[in-house]
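Visitor: I have a model open and would like to learn how to read it. Where do we begin?

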Amino acid sequence: MKLYALSDLHLRYEHNQRALESLAPHPEDWLIVAGDVGEKPEHLDFAWRTLTARFQKVVWVPGNHELWTVSREQSAPRGEARYQEVVAQCRAYGVLTPEDPYPRWPGEGPHRVLVPLFLLYDYSFRPDHVAEQDALNWALEEHILCTDEAVLHPDPYPSRAAWCAARVEQSLARLEALPADCSTILINHFPLRYEHVRLPRIPRFSIWCGTKKTEDWHVRFRAEVVVSGHLHMPATLWRDGVRFEEVSLGYPKQWDWRGDISGLLREILPGPQP
């Protein structure tokens, strides 16, 4: 039995849909989907129909794209309401979400708990010389602006940073309640550490990539592996003896599809050793 991960499926692209359909069955294994499945309900329906038929269990955390409000209807859900709508859609397929009890990994090995997180970002992934109130202008100086600024609404919170702070506090309470004898697999769409935001072409996009409030969580909460996406730069990194897996698929122009994409799945457990 293995635990795999993949993120940033971006199923608004037919190319990525066809690629996902090519995925070979893994009936004994679990799959983490670390966000950015798509922007519309039909994207998630396609993902869960496809993946729940191929894996024993699917675990999801939201990316920023799932939280977008792309409908122009006045009644379209925004912010927290949008998130809860997506959670309900996942649960209809039996997909685990950050709102569900953290599952214990049933495979071989020590006591491990999978921790799906929804934390957002707060513009703190920036150099020390850039003040918080100047972060957005700092990015705009390089003509960088995330689409979230137009379509990811924080309602009912006053800002995305405030929503992030609330999510961090909620997650901390649950993490601190975990048994002391268990290790964790921490799962979040955004990287937990600023140093792991490797964006050589657009470094100032970092402000939309996480929060410094999670910098020590891999040690503080006994992580064996930290899983994230968002960057579209798959990699295995190590810090303090903890493995960090960036598991993005990405936009069609960013990867090649030559048939079955099983080789693009990142093995989380048992996984490689240092």
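Guide: Begin with burial. Buried means under 20% relative accessible area, exposed means over 50%, and partly exposed lies in between, with a 1.4 Å probe and protein chains only. Aspartate 36 has a relative accessible area of 2%, so it is buried.

Visitor: What should I know about the model and its numbering?

Guide: This is a predicted model: local features need pLDDT of at least 70, side-chain atom pairs count only at pLDDT 80 or more, and totals for chains, interfaces and linings use all residues. Residues are numbered from 1 along each chain as its sequence is written, and side-chain values use heavy atoms, leaving out hydrogens and water.

Visitor: How many helices and strands are in the protein?

Guide: Helices (H or I, at least four residues) and strands (E, at least two) are DSSP runs, numbered from the N terminus. The protein has seven helices and nine strands. Its radius of gyration is 18 Å, close to the 19 Å that the globule rule gives for 274 residues, so it is as compact as a globular protein of that length. That radius is taken over C-alpha atoms, and the rule is 2.2 Å times the number of residues to the power 0.38. The C-alpha trace spans about 50 × 40 × 35 Å along its principal axes. Of the 274 residues, 56% count as buried.

Visitor: Back to aspartate 36. Where is its place?

Guide: Aspartate 36 is in the loop between β2 (26-33) and α2 (41-52). Check its backbone too. Its phi is near 60 degrees, a positive value in a residue other than glycine.

Visitor: Which loop holds arginine 222, and is arginine 222 buried or partly exposed?

Guide: Arginine 222 is found in the loop between α7 (217-220) and β6. It has a positive phi of about 55 degrees although it is not a glycine. Its relative accessibility is 31%, so it counts as partly exposed.

Visitor: Now strands. How do I read pairing?

Guide: Two strands pair if DSSP finds at least two bridges between them. Take β8 (residues 242-246). Strand β6 (residues 223-228) runs parallel to β8, joined by four bridges. Valine 227 stands opposite glutamate 245 there. Strand β7 (residues 235-239) pairs with β8 in the antiparallel sense over five bridges. In that pairing, leucine 237 stands opposite phenylalanine 244.

Visitor: What do β7 and β8 form?

Guide: They form a hairpin with two residues between them. Aspartate 240, in the turn, has a positive phi of about 55 degrees.

Visitor: Why is β8 largely enclosed by the rest of the structure?

Guide: Five of its five residues are buried, so β8 is largely enclosed. Val242, Phe244 and Glu246 point one way, Arg243 and Glu245 the other way, and all are buried.

Visitor: What does arginine 167 touch?

Guide: Contact means heavy atoms within 4.5 Å. Arginine 167 lies in helix α6 (residues 160-176). It is buried, with a relative accessible area of 5%. Not counting residues up to four places away in sequence, it touches Tyr83, Pro98, Glu99, Phe118 and Leu119.
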